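Student: I would like a close look at one part of this model, the contact between two chains. Please keep to what can be computed from it.

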Amino acid sequence: MDKDKAQSRRNFIDKGMRITLGLSLAGVGSVALSRVSAKKWVWQIDPFLCTQCGRCADYCVLKPSAVKCVHAYDLCGYCDLCGGYLRPEHTERDTGAENQLCPTAAIERRYIEEPYYEYVINRDLCIGCAKCVAGCTAFGNGSLHLQIQHDLCMNCNECSIARVCPSNAISRVESDAAYIIKGGFTREESGG
Amino acid sequence: MHLTGCIYTGTHKALKAVFLLLLLFVMMPPASFAQQRFPRPEFETGYEQPTPVTPEPRSLALEYVDVAMLLAVMALVTWFLLKKRSRTGIFWISVFTLVYFGFYRNGCICSVGSVQNVALSLFNTGYSVSLTVLAFFLLPLIFSLFYGRVFCAGACALGAIQDLIIVKPITFPSWLQKTLGIFPFVYLGLAILFAVTGTDFIICRYDPFVGIFRMGAEFTMIVLGIGMLLIGMFVARPYCRFVCPYGALLRVTSFFARRHMTITPAECIQCRLCESSCPFDAIDFPGDSNARPDTEKNLRRFILYLVLIPVWVALGGFAVSSAHVFLSRAHPDVFLANLLITKPEMRNDLDNIDIQTFLSSGKPLETLVEEAEVIQNQFYTGGWILGGFIGFVIGITLLNQVVFRRKTDYEPHKGNCYSCGRCMKYCPVIKKQ
């Protein structure tokens, strides 16, 4: 009899606690549900905030980084003297390794017509160091810029580059607009 | 040879001039620039402009597949536990989880880390949590209210990798297990504090196994992961028992589970065969009924410990809130503000990217300090809450020491049991049809 009483008391406490916990879960769930977004979110770099510090190459959980240079061809001036391709102390405007700014030779320089050259990023070689971006932004149109490549990105819960980005250029964007490719010359013109 | 050298230097100088000119252009006010510095050329050779490479992210539909997979795995584990009573079934589900959620999904998305997203969404109105993450947070907890920690048994990749490498588990003394068992709550509280203040997602950052799933991480994290697995051969599931913050939540909900798995399918015959079957020391043995402690003395201790709980809460709150300045430095903005105030000479350190970026951004130091103070105040308030919570957990743990539960049979401890099903194999009782 005594045992039964203890048993039913236990069951009562268990049930009460279960309901309490269930209700608090429902509470937390419904508040979170009011903030929920049915969209998928991915990390992306705002090229207009990026300061080309070079951390994207080092802090990604992937080696090499999921951040790669993209080329917004709309903006490119197709310069022969390309600040993104050639080192400032280059000796000749050619494809010689000693003249290239890119540490992995990931930019291909192709002759189109006098005096224009096309610059194509080899994504497999690019490490996202932003050296070319710095050069292009300082001396050119800024058509070269960094973007997180979503076929590579692990979409970590918190981007380990975002944590160390000095200009807070990395934030979450909706996955149906997963890239911020530079359009016009300024942010205003591109409507971004 | 000499001549070409001359030409090179000549070009070099000319280029330098061009660069200097360009630098001048850079410094001119942007208003005078309605167009590009170098307008796009008109090509005569019919050149076709390529488009930038932008591969699509993993589709949203596949995220829902993950949720469906989680649900299916947990439902299967429950079925294997309660209906089939099959450890083998759970073993193979663990293998599947390790392959799918571990090595295929690279340990991300996981319920353990989802705590931070949900906490952040509760406190920060601007943060939107995705439906998938919320489902990953809620589903295992809901399941545990009904059937115990079926998530830990077979749906968690972190649990699976540890469960599958257990070789020769050692037994922990109860006091040590209970003391170390406080840490997951501390970790949970700290992770929530850090997530809510926008400081860091420490659960994800210090996840020891995600580097193994990804086959690559920082050196220290790989060492931690492999070290944890090596320890895990002898201390079964060390992360789950003494670290996992989500496990702390599950421990609470599972303790009141409606229909937890049992060792025996029918009546326990006290054969003691299951006694050493649990690698996690999660089986409660029936107490010797003669050894029931002195009721009056026990009651006095119970009341004492109950009264002590508010004291623990206050002590904890005081201790952690006193450390709020130290804790808040984990936030990058507070760290930077602190650095700029205490070491102003660092402004001249051109190698410090954070300081140089801040200085060139034109943001006044006062603004940064104000922002840092807001965060520091959040840490002060949060410190009281976190400390109070830790104190509460300590108080409850102590109180549990004097709660005497009469047990007549061998039963899994509903809170600590991972429902792995090992003990069921040891039970000789067969349920009568």
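Student: In which sense do β1(A) and strand β1 (residues 129-130) of chain B pair, and over how many bridges?

Tutor: The pairing of β1(A) with β1(B) is parallel and runs over two bridges (two strands pair if DSSP finds at least two bridges between them). The model is predicted, so local features need pLDDT of at least 70 and side-chain atom pairs count only at pLDDT 80 or more, while totals for chains, interfaces and linings use all residues. Residues are numbered from 1 along each chain as its sequence is written, with chains lettered from A and ligands numbered from 1 in the order in which they are written.

The contact as a whole takes 60 residues from chain A and 62 residues from chain B (C-beta atoms, placed from the backbone, within 7 Å). On the chain A side, the elements that each supply at least two residues are α1 (2-34), β1 (36-37), β2 (41-45), β3 (67-71), β4 (107-113) and α3 (131-139). These are DSSP runs numbered from the N terminus, helices being H or I of at least four residues and strands E of at least two. α1(A) gives the largest share of that side, twelve residues. By class, the chain A side holds 33 nonpolar, 15 polar and twelve charged residues; Ala, Val, Leu, Ile, Met, Phe, Trp, Tyr, Cys and Pro count as nonpolar, Asp, Glu, Lys and Arg as charged, and the others, Gly among them, as polar.

Notes: Two residues are in contact if their C-beta atoms, placed from the backbone, lie within 7 Å.
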